[in-house]
Amino acid sequence: MRIVLQRVLKADVKIEGKVHGAIDHGYMALVGFKNEDDEKILEKMAEKVVHLRVFEDDQGKMNRSLLDVGGSILSISQFTLYADCKKGRRPSFIEAAKPDISSPLYDRFNEILRSYVPVETGIFGADMKVSLINDGPVTIILDSDEIIKK
C-alpha cells in the first residue's frame, strides 16, 4: 500500500463537474494498493496517517498530528502509485492491485480513518478532478513495505 499525503489548507474532488467531496485543513491522500496487500496492513497505515506529526505547533515546528489540529482527509483512490517506469516510455501497472482487490481495501481503509477523523472521498475508478491548496508545501510518501516489517 502506498499513500501520498499532502498537507492542505483545503481540497476538493469533482466528478462530472460536481463537487463530490471537499475538506478544509488536513490531508489530501492519494491511496494505492498492490497485488499482495490485504486487510492486515490497513489499521497500521491508518494509525500512521492520523498520528504523523507534520502540522506546526506554536513555535512553527512540525510537531502536531492531524488529530491534534482537528483536520480532515480527502481520500482519493490512485492505482498509478504503482506505476513501473523502469523500461520504455509507457508505465506498467502490473504491480497495482486489480479493482476486485483494491476497491474493498480502499473502502475499509476509509472506514478505519473515519473512526479517527472526518473523511471525504472520490468515487473508486471514476474520472476525478482534484483541486487543492498545498500547505507548506508538505508532501509525505508512506509505503507499507517500509512501515510494516513483514
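Buried here means under 20% relative accessible area, while exposed means over 50% and partly exposed lies in between, with a 1.4 Å probe and protein chains only. Keep that in mind for helix H3 (99-114), where Ser102, Ser103, Leu105, Tyr106, Phe109, Asn110, Ile112 and Leu113 are buried. This is a predicted model, in which local features need pLDDT of at least 70 and side-chain atom pairs count only at pLDDT 80 or more, while totals for chains, interfaces and linings use all residues. Residues are numbered from 1 along each chain as its sequence is written, and side-chain values use heavy atoms, with hydrogens and water left out.

**Helix H3 and its surroundings**
- Helices (H or I, at least four residues) and strands (E, at least two) are DSSP runs, numbered from the N terminus.
- H3 has 16 residues and reaches 22 Å from its first C-alpha to its last, close to the expected 22 Å (1.5 Å times one less than its number of residues).
- The buried residues of H3 are covered by elements including E1, E3, helix H1 (42-51), E6 and strand E7 (119-121).

- Ser102, found in H3, counts as buried because its relative accessibility is 7%.
- Contact means heavy atoms within 4.5 Å; not counting residues up to four places away in sequence, Ser102 touches Phe33, Ala97 and Phe124.
- Thr121 has its place in strand E7 and counts as buried because its relative accessibility is 15%.
- Leaving aside neighbours within four places in sequence, Thr121 is in contact with Val13, His20, Gly21, Leu74, Ser75, Tyr106, Asn110 and Arg114.

- Strand E1 (residues 2-15) and strand E2 (residues 18-23) pair in the antiparallel sense over five bridges (pairing needs at least two DSSP bridges between two strands).
- Asp12 stands opposite Ala22 in E2.
- Two residues lie between the strands of this hairpin, and Glu16 takes a positive phi near 55°.

**The largest pocket**
- A pocket is an open set of points on a 1 Å grid over the protein atoms alone, where a 1.4 Å probe fits, with protein on both sides within 12 Å along at least five of seven lines; lining residues have an atom within 4 Å of a point.
- The lining of the largest pocket has 21 residues, of which Ser77, Gln78, Phe79, Thr80 and Gly125 lie nearest its centre.
- Strand E3 (26-32), strand E6 (72-77), H3 and strand E8 (128-143) each supply at least two lining residues, and the largest share, three residues, comes from E3.
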